[in-house]
Number of protein chains: 2
Amino acid sequence: MTILYNRVALIGLGLIAGSMSLAMRRAGVAGEITGYARSSETRNTAREIGLVDHVCDTALDAVKDADLVVLAVPVGAMGTVMAEIAPALKQGAVVTDVGSVKGDIFASVLPHLPEQAEFIGTHPMAGTEHSGPNSGFAELFDKRWCLIVPPEGASETEIQRLEKFWRALGSDTKRMEAEHHDLVCAVVSHTPHLIAYTMVGVADDLSRVTDQEVIEFSAAGFRDFTRIAASDPTMWRDVFLSNKDATLEILGRFTEELFALQRAIRIGDGDHLHDYFTRTRAIRRGIIEAGQDTDAPNFGRHSDAT
Amino acid sequence: MTILYNRVALIGLGLIAGSMSLAMRRAGVAGEITGYARSSETRNTAREIGLVDHVCDTALDAVKDADLVVLAVPVGAMGTVMAEIAPALKQGAVVTDVGSVKGDIFASVLPHLPEQAEFIGTHPMAGTEHSGPNSGFAELFDKRWCLIVPPEGASETEIQRLEKFWRALGSDTKRMEAEHHDLVCAVVSHTPHLIAYTMVGVADDLSRVTDQEVIEFSAAGFRDFTRIAASDPTMWRDVFLSNKDATLEILGRFTEELFALQRAIRIGDGDHLHDYFTRTRAIRRGIIEAGQDTDAPNFGRHSDAT
Ligand SMILES: NC(=O)c1ccc[n+]([C@@H]2O[C@H](COP(=O)([O-])OP(=O)(O)OC[C@H]3O[C@@H](n4cnc5c(N)ncnc54)[C@H](OP(=O)(O)O)[C@@H]3O)[C@@H](O)[C@H]2O)c1
Ligand SMILES: NC(=O)c1ccc[n+]([C@@H]2O[C@H](COP(=O)([O-])OP(=O)(O)OC[C@H]3O[C@@H](n4cnc5c(N)ncnc54)[C@H](OP(=O)(O)O)[C@@H]3O)[C@@H](O)[C@H]2O)c1
């Protein structure tokens, strides 16, 4: 593979940045990789495991001379980090982020972007419930989507170079506008996460059912919720606060539908329930046909409970 | 293994009954297994694949001379089936069911139970999203809970024989009262299923996000919901109609909590969100420690998206 960026700087050294570093090395697309994280603890861990070529003690040192700067911090910290690194960006540098929300990041990052640099948003739709410098792995992005979200007026040459970069890291890329990105993510990710968090909280709260019982019998459907709800609290707080409008819109629709089903249960309207449950099966089939999941019962896990 | 019941009759020949037959053979606990299903189509399939020793053309034929009769039909059909087979039950026969709800089944089944027979409810907490006579496998119950729910006054000897039977089929058993069973299942299974169905329905409904997009980006959290929501519509309609009170209670709590989180998003109360999300992590850890799931990212599936 040919080198696409001579020097790449990673700001934040968690799951996403760490996986990017390992995937860049696998692909040979970066001449040199520098990195910076807020805490000396994370920086030391990154040094010990050789996560990047140079761990710097300031963000300014890390981005100096970088051709690509990746903001891989929680969504709520993007603006502050951009403001901090702006003075050190070299002429022609491309800044990108990997945040799960786009509209809000544009609003907080773009005002701090200096003349000489260019910003293009990306969102690798790949993650796990683990975080921190030890959680990364080179294969994280393989065959996963990376959404490319250029602000108006971004250079087509630089967009294409960044797409090439993400494909070299294993992803399929797709371009999307910021507002549409945020709506799609509210549907397929943000609202499902909020719902899962809520259900897990309810189970934990109920005094007549013990935590022990919840845990023992979790295979009956609840377990998938706990996996989703185990994700990093800071990351998700920021996602909800910054994708507020789309999340609230989808939540509104969700509540409407839930009330209709709740009413059907209360009045014993079995046809409404049966019709609804039949319709949702089709989506599942679509997902299996699209190769996004396996048809083996329970993802091929041994067995599930009901 | 020694034979626990000379003759076992399975009424209904779907996922659960089929898996029971295969697990009984593996364990050698039944002298002979007869079976009956409503449609000739299912009966023919069961004959072709040799799912049980004898497929009978009436439920009465199947239960005649049976020592254990297993009702493995949707929850809403249990009472009718019990009424139908009652006249043919032999002296000392034990009737059991495998339904996902208990209170309502007791109410519909017990009035039809003849003097000479005994009823003890069970609920194997094991299943997949597949159904029908071809979906069973002998390992379905291995290391999964089977809840044993005896009505008041049931014979201790027969309860213990049935517990031994389920353990021979691979399950761990636990006794529970009907009302408590229904509440626990509303928390760990029924409400999560309803929520998953609802979210999948909302995604399907939204005209500004295409089904194609929902399917392509489902790995971002939504996929787990679709798996849960792909389960059999008839089974789940019956579960909600018959576990109405407990489901509505848990749904009420869920809505309260969801509204509180929704409000926190609206007013930008990040602390409320962060605290809530931190608390729910503990439950996940409990589940992993209890061996109910793997700590490998995404159940060891390749990668997930966010
Ligand atoms: N995890 C996923 O599933 C996923 C998927 C797609 C996109 N994303 C996005 O990727 C970004 C990073 O997520 P991640 O999973 O890699 O998180 P992570 O593993 O928790 O790492 C976050 C990194 O950001 C640093 N950081 C945290 N707060 C900061 C602040 N206020 N100022 C400066 N640096 C700060 C942390 O430094 P310390 O270690 O020193 O605290 C850490 O190095 C987020 O914007 C998230 O929305 C995540
Ligand atoms: N699937 C799970 O995850 C799971 C887990 C634990 C407990 N359960 C409980 O197990 C029971 C059976 O579920 P399953 O998954 O084995 O279902 P299934 O695969 O759909 O099989 C259901 C069987 O019941 C018969 N049946 C359907 N409606 C009937 C009616 N009105 N009268 C008489 N027979 C009827 C069907 O006959 P035809 O094929 O001829 O239509 C079929 O043989 C349900 O009560 C369910 O709540 C299910």
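**Strands and a helix in chains A and B**

Trainee: Starting with E4(A), which residue there is the bridge partner of A:Ala9?
Mentor: A:Val69 is the partner of A:Ala9. Keep in mind that this is a predicted model.

Trainee: OK, and in what sense do E1 and E4(A) pair?
Mentor: Parallel, over 4 bridges, with E1 covering residues 5-11 of chain A.

Trainee: What holds strands like that together, in general?
Mentor: Strands of a sheet pair through backbone hydrogen bonds, and the pairing can be parallel or antiparallel.

Trainee: Are the E4(A) side chains buried or exposed?
Mentor: Buried: A:Leu68 and A:Val70 point one way, A:Val69 and A:Leu71 the other, and all are buried.

Trainee: Which residue in E5(A) does A:Leu71 bridge to?
Mentor: To A:Asp97. E5 spans residues 94-97 of chain A, and its pairing with E4(A) is parallel, over 4 bridges.

Trainee: What unit do E4(A), H4 and E5(A) make?
Mentor: A right-handed β-α-β unit, where H4 is residues 78-85 of chain A.

Trainee: Switching to chain B, how many strands are in the open sheet?
Mentor: 8, with mixed pairing, in the order E3-E2-E1-E4-E5-E6-E7-E8. E3 (54-55) and E8 (172-175) of chain B are the edge strands, each pairing on one side only.

Trainee: What does B:Cys146 stand opposite in E8(B)?
Mentor: B:Thr173. E7 of chain B, residues 145-149, runs parallel to E8(B), and 4 bridges join them.

Trainee: Last one: which strands does H4 of chain B lie across?
Mentor: E1 (5-11), E4 (68-71) and E5 (94-97) of chain B, and H4 runs at about 150° to E4(B).

Conventions
Residues are numbered from 1 along each chain as its sequence is written. Chains are lettered from A and ligands numbered from 1 in the order in which they are written. This is a predicted model: local features need pLDDT of at least 70, side-chain atom pairs count only at pLDDT 80 or more; totals for chains, interfaces and linings use all residues. Side-chain values use heavy atoms; hydrogens and water are left out. Buried means under 20% relative accessible area, exposed over 50%, partly exposed in between (1.4 Å probe, protein chains only). Helices (H or I, at least four residues) and strands (E, at least two) are DSSP runs, numbered from the N terminus. Two strands pair if DSSP finds at least two bridges between them. A crossover is right-handed if, with the strands pointing away from the viewer, the path from the first strand over the helix to the second runs clockwise. Contact means heavy atoms within 4.5 Å. Axes are lines fitted to C-alpha atoms, for helices over the stretch in contact, and angles run from 0 to 180 degrees between N-to-C directions.
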